[in-house]
Amino acid sequence: MTDEVQRAIVVTGGSRGIGRAICKALAQPGCHVFFNYFTPGDRKEEEAEAAETERLITEAGARATGIWANIADKDQVSAFFDQVLEACGRIDVLVNNAGITRDNLLVRMKEDEWDDVLNVNLKGPFHCIQKVARVMMKQRYGRIINIASIVGVTGNPGQANYVASKAGVIGLTKTAAKEYASRGVTVNAVAPGFIETDMTAKLPEKVKTGMLALIPLGRAGKPEDVAAAVKFLASDDAAYLTGQVIHVSGGMYM
Ligand code: NAI
């Protein structure tokens, strides 16, 4: 264990959006926040986004390490967590946040659209949980928080792949919660509704207006709204919660 790091925190998909807000919310003196990111395309641009997340974490008094690594790739996941363990010798919190969409109507959905989404959104958390579970069980302490979605509960036309992945994440959460409870490891999910990020910015205006009309609290959510729920689940105040799904949706689904 290296010098004064008391809490090692891992957030997947921390370069922007909800993941960045989670990194910032969890960053405190004595913590080392690791995050990864991987959007094929302009790596340089995403490295700049990641540098901004690192800056925000450092500003909050924690250490920060952002790493380009694909959660759909088992070897890259393994190498990423090995770096965390080498630096800190422990992993206290894992937030499975990274996720993608490839929307299409079910009849038109291509096999690679299905596979891409399932590989990132469901297999990714599976790889990450497998990697940290042994460490957390040995520590007899750990907090795993999975970012699902309310559509994983309600269904949503045009998102069969995404919905299946998020419903899967909820099932994975409950099963892991039962498997690890006796070892002091809690596993919960946060299901956001409609949150303003790059992921939702690309939706057609008509879809956005339709979504807003369904929100009793009358506004889209902010990444910070989701991060606040994650912060609570990662805290000692949530010690008696496991296997739960907290909806952060402005009441969109009750
Ligand atoms: P975003 O597109 O703004 O950011 C996604 C993050 O995930 C980026 O850091 C990206 O690098 C990372 N990522 C993507 N694929 C990756 C991979 N293969 N390996 C490692 N990192 C990868 O997305 P946003 O909106 O911040 O979403 C975060 C999570 O919240 C996702 O799981 C999403 O499904 C979920 N969510 C978002 C909602 C919204 O309204 N924005 C609603 C419900 C759930």
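Tutor: N104 is found in the loop between β4 (93-96) and α4 (111-139), where strands (E, at least two residues) and helices (H or I, at least four) are DSSP runs numbered from the N terminus. This is a predicted model, in which local features need pLDDT of at least 70, side-chain atom pairs count only at pLDDT 80 or more, and totals for chains, interfaces and linings use all residues. Residues are numbered from 1 along each chain as its sequence is written, and side-chain values use heavy atoms, with hydrogens and water left out.

Is N104 buried or exposed? N104 counts as buried because its relative accessibility is 17%, and buried means under 20% relative accessible area with a 1.4 Å probe and protein chains only. Leaving out residues up to four places away in sequence, N104 touches M109, K110, E113, G158 and Q159, a contact being heavy atoms within 4.5 Å. With E113, the side chain of N104 makes a polar contact of 3.1 Å, that is, a pair of N or O atoms within 3.5 Å, one able to donate a hydrogen and the other to accept it. A polar atom of the N104 side chain also lies 3.5 Å from the backbone oxygen of R108.

Leaving aside neighbours within four places in sequence, I22 is in contact with V11, V95, N97, I147, A227 and V230.

The helix α4, together with β5 and α6 (160-180), gives two or more residues to the lining of the largest cavity. A cavity is a set of points on a 1 Å grid where a 1.4 Å probe fits but cannot get out, and lining residues have an atom within 4 Å of a point. About 30 Å³ of space lies in this cavity, and its lining consists of N96, N97, A98, N121, P125, N146, I147, K166 and V169. By class, that lining has four nonpolar, four polar and one charged residues.

Methods
Buried means under 20% relative accessible area, exposed over 50%, partly exposed in between (1.4 Å probe, protein chains only). On a 1 Å grid over the protein atoms alone, a cavity is a set of points where a 1.4 Å probe fits but cannot get out, and a pocket is an open set with protein on both sides within 12 Å along at least five of seven lines; lining residues have an atom within 4 Å of a point. Grid points are joined across faces, edges and corners, and a volume is the space filled by probe spheres set on the points. Ala, Val, Leu, Ile, Met, Phe, Trp, Tyr, Cys and Pro count as nonpolar, Asp, Glu, Lys and Arg as charged, and the others, Gly among them, as polar.
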